[in-house]
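Q: Please take a close look at one part of this structure, a pair of packed helices. Then follow the links from there to the surroundings.

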Amino acid sequence: MELVNVKDIFSLVRNRRSWVQGLVTLGTNPHLGNFLSGSIYRGKAKSLCVPGLNCYSCPAATGACPIGAFQAVVGGTKYNFSYYITGILIFLGVLVGRLICGFFCPFGWFQDLLHKIPSPKKSTKKWKWLKGIKYGVLLVAVILLPIFLTDSIGLAPPYFCKYLCPQGILEGGIPLSLASKSIRAGLGNLFLLKATILAAVVGLSIVFYRPFCKWICPLGAFYSLFNKISIYGYTVDQNKCIHCKKCAKTCKMDVDMSENQDSLECIRCGECIKVCPTHAIETGNTWKRKEKEK
């Protein structure tokens, strides 16, 4: 019996990326009946973190968002550092880097679907400097504010989730308000602020590819820190590469794979592999490649 080729499996997954994203979104939000009842799943699985940006308050969610969970712990009365949550994020980062963004993030998939809407498309190459904002959001809104801006009893709100995250209102705020009159009655300026942010992301995502991922998302910023050291990654065979720049022209994350195989912006979606005329781009254990380079 012939063994299954791992590379063939990876190729199949890349070619069906949108389906994989949809299945991951459904898998992390299986309690669809809660959208009608306006309730939130509160089982034991809710104590576990999912890999991508998926709101805890989503009625269908079966797990917790890693950013929200991290802030909940950091903003505690004793400023605890969550080794459990941070350990999971570091493990995923070291394993695959920003591949999580490309395949396992529901909000990333949402932006991908929006970008497929027929409209004039614009490149974000001229706006590369904006990508640094997400690191500021990670440092300030996710880490520093919950530590230093607390109330009289030492508690802090999850600043990013409460004031900035559009996924929270998309998955949580809007569905819960539609299902509950009492929640609708209590909506105020904060809901309006978050709705405005979501509307802006939706509008920008139709024209630009993944603007939230590129410029704002702190989870993407965290995973990107491991792109250079992750086990799984891309390798370019310089003996095969003809520097035609087709990979750079195709990449919607503005990465030139022929020049930078470990770019912090690469979400490892595989589009560059599909267009490479000489099949110079390969996936696999980048640690072996770096050992050879040494």
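A: Helices α2 and α7 are oblique to each other, a term for angles that are not under 35 degrees (roughly parallel), over 145 (roughly antiparallel) or 65 to 115 (roughly perpendicular). The model is predicted, so local features need pLDDT of at least 70 and side-chain atom pairs pLDDT 80 or more, while totals for chains, interfaces and linings use all residues. Residues are numbered from 1 along each chain as its sequence is written, and side-chain values use heavy atoms, without hydrogens and water.

Helices here are DSSP runs of H or I with at least four residues, strands are runs of E with at least two, and both are numbered from the N terminus. The angle between α2 and α7 (residues 106-115) is about 135°, and their axes are 9 Å apart. Axes are lines fitted to C-alpha atoms, for helices over the stretch in contact, and angles run from 0 to 180 degrees between N-to-C directions. The two helices make a left-handed crossing: the near helix is turned anticlockwise from the far one by less than a right angle, whereas clockwise would be right-handed.

On the α2 side, Arg17, Ser18, Gln21, Gly22, Thr25 and Thr28 are in contact with Pro106, Gly108, Trp109, Asp112 and Leu113 of α7; contact means heavy atoms within 4.5 Å. By class, these residues are 3 nonpolar, 6 polar and 2 charged. Ala, Val, Leu, Ile, Met, Phe, Trp, Tyr, Cys and Pro count as nonpolar, Asp, Glu, Lys and Arg as charged, and the others, Gly among them, as polar.

Thr28 leads on to Ala61, whose contacts include Thr28, Asn29, His31 and Tyr41. Ala61 lies in the loop between α3 (34-37) and α4. Ala61 is buried, with a relative accessible area of 0%; buried means under 20%, exposed over 50% and partly exposed in between, using a 1.4 Å probe and protein chains only.

Leaving aside residues up to four places away in sequence, Ile281 touches Tyr234, Thr235, Val236, Cys247, Met257, Cys272, Ile273 and Cys276.
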